[in-house]
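Hello,

Here is the structure I promised to hand over. Please look through it first; my notes on what turned up follow below.

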Amino acid sequence: MASGIKDKVAILGMGCSKFGERWDTSPDDLMVEAYIEALDDAGIEPNQLDAAWFSHHIDDIGAGKGGTPMSIALRLPNISVTRVENYCASGSEAFRGAVYAVAAGAADIAIALGMEKLKDTGYGGLPATNYGTFGPQIGPSGSAPGNFAQLASAYRAKHGVSAEDMKRAIAHVSVKSHANGAKNPKAHLQKEVTEEQVLNAPMIAEPLGLFDCCGVSDGAAAAIVTTPEIAKSLGKDNLISVKALQLSVSNGLESHHNTWDGSYFHTVRIAAKKAYAEAGITKPREEVSMMEVHDCFSVTELVTMEDLFISEEGQAVKDVMDGFYDADGPVPCQIDGGLKCFGHPIGASGLRMLYEMYLQLQGRADKRQLKNPSIGLTHNLGGQPANNVCSVAIIGSCLLYTSPSPRDATLSRMP
């Protein structure tokens, strides 16, 4: 029986580029920016890397389909590079590959890196997917704001929330995230907004206004992982380990069957339950210290609070308005500003979320630093409410060391 990966893998180092309209920066430059920080943070040389995973989604302007662009840009030592994509959860998919390789003993040290250069595509949002002949049969084919606005409508109808209360709760999510992002020098948008500004902004798809939708940006993020034993042998302390990493993918139920009412994310509930079980968490509202969730739209964050079992069903609006997820609340969410302030370079977002949790757990988040966090959760969602993939990762302080093994001692590589 599978025992999971709790505390079998530690994060040795992480890096994140500045996100934004990086017109003067190439895809290679973005990768190098995140890689150099991760390598310096890990305190290793490139020849100590055994394997790499590269997430990249849009090919209009970018790095192409294979793993060679990452290997060439970073001058990796002829190691394996696997390119992955899983909609907007591509960054988490790269992290999963690197983590599983280390946990399985296939690699001592592995790197996951995600990058996307979206501004150069010229799109105002993510490039549209061409479903072809079967488009009407496989799910919603409208705009992303339109599809997620329907999520808000279904949630309202199910839980009896007034239009005014829903708009104000969604606005509070946006205001909170922008207040956090204003303290983050790597965020694309670094300016606070007021509730009045959010409520009076141009409407994109009722009830989602301009500030309730994440922007388009360029960026990259990276994580280097190893075993706790190897990390300790390298002189690392204050280790952050992976407690759980779970993925759930829609199987068509939401689109093809009337048992789904459109008010929640079916995959999130499944991934969350599995992740909590793997991490040994039984009371997430009390045990999770902080979260980064996939706030492509502010209503997504609000609904996700219930799907992650932090808020009780139908109570997320109240919790949001009570400040439960604010920076000074019991479970801060989007403490770095989230997708609202970073935008959504698809291949990078999942790793960017982990980067903030990692900094917070190490006490290195500067003006954003929370008091004594112990467990960080990231939620990375790809696709639409009716057709998606969800990744939930949980990381925290590594308190358990086992005795040294043969994998701990020798990390040198052949020249």
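**Salt bridges and a helix contact**

Arg352 and Asp336 join their side chains in a salt bridge, 2.9 Å from N to O. A salt bridge here is a side-chain nitrogen of Lys or Arg within 4 Å of a carboxyl oxygen of Asp or Glu. Arg352 sits in helix α15, and Asp336 in the loop between α13 (316–321) and α14 (338–342), so the pair links distant parts of the chain, 16 residues apart. Helices (H or I, at least four residues) and strands (E, at least two) are DSSP runs, numbered from the N terminus. Both partners, Arg352 and Asp336, are buried. Buried means under 20% relative accessible area, exposed over 50%, partly exposed in between (1.4 Å probe, protein chains only).

Some ground rules. This is a predicted model: local features need pLDDT of at least 70, side-chain atom pairs count only at pLDDT 80 or more, and totals for chains, interfaces and linings use all residues. Residues are numbered from 1 along each chain as its sequence is written, and side-chain values use heavy atoms, with hydrogens and water left out.

The whole structure holds 23 salt bridges. One of them pairs Lys243 with Asp7 at 2.7 Å, N to O. Lys243 lies in strand β8 (residues 240–249), Asp7 in the segment before β1 (10–16), and 236 residues separate them. Lys243 and Asp7 are buried.

Lys167 and Glu206 also meet in a salt bridge, at 3.2 Å, N to O. Lys167 belongs to helix α6 (residues 163–181), Glu206 to the loop between β5 (203–205) and β6 (208–209), 39 residues apart. Lys167 is partly exposed, at 28% relative accessible area. Glu206 is partly exposed too, at 46%.

There is also a network of salt bridges: Lys158, Asp261, Arg269, Asp307 and Glu313 are linked in it.

Now the helices. α3 (residues 90–104) packs against α15 (residues 346–361) at about 65°, axes 5 Å apart. Axes are lines fitted to C-alpha atoms, for helices over the stretch in contact, and angles run from 0 to 180 degrees between N-to-C directions. Ser90, Gly91, Ser92 and Phe95 of α3 touch Ile346, Gly347, Gly350, Leu351 and Leu354 of α15 (contact: heavy atoms within 4.5 Å).

α3 is mostly covered, with eleven of its 15 residues buried. Among them are Glu93, Phe95 and Val99. Just after α3, Gly105 has a positive phi of about 85°.

Best wishes
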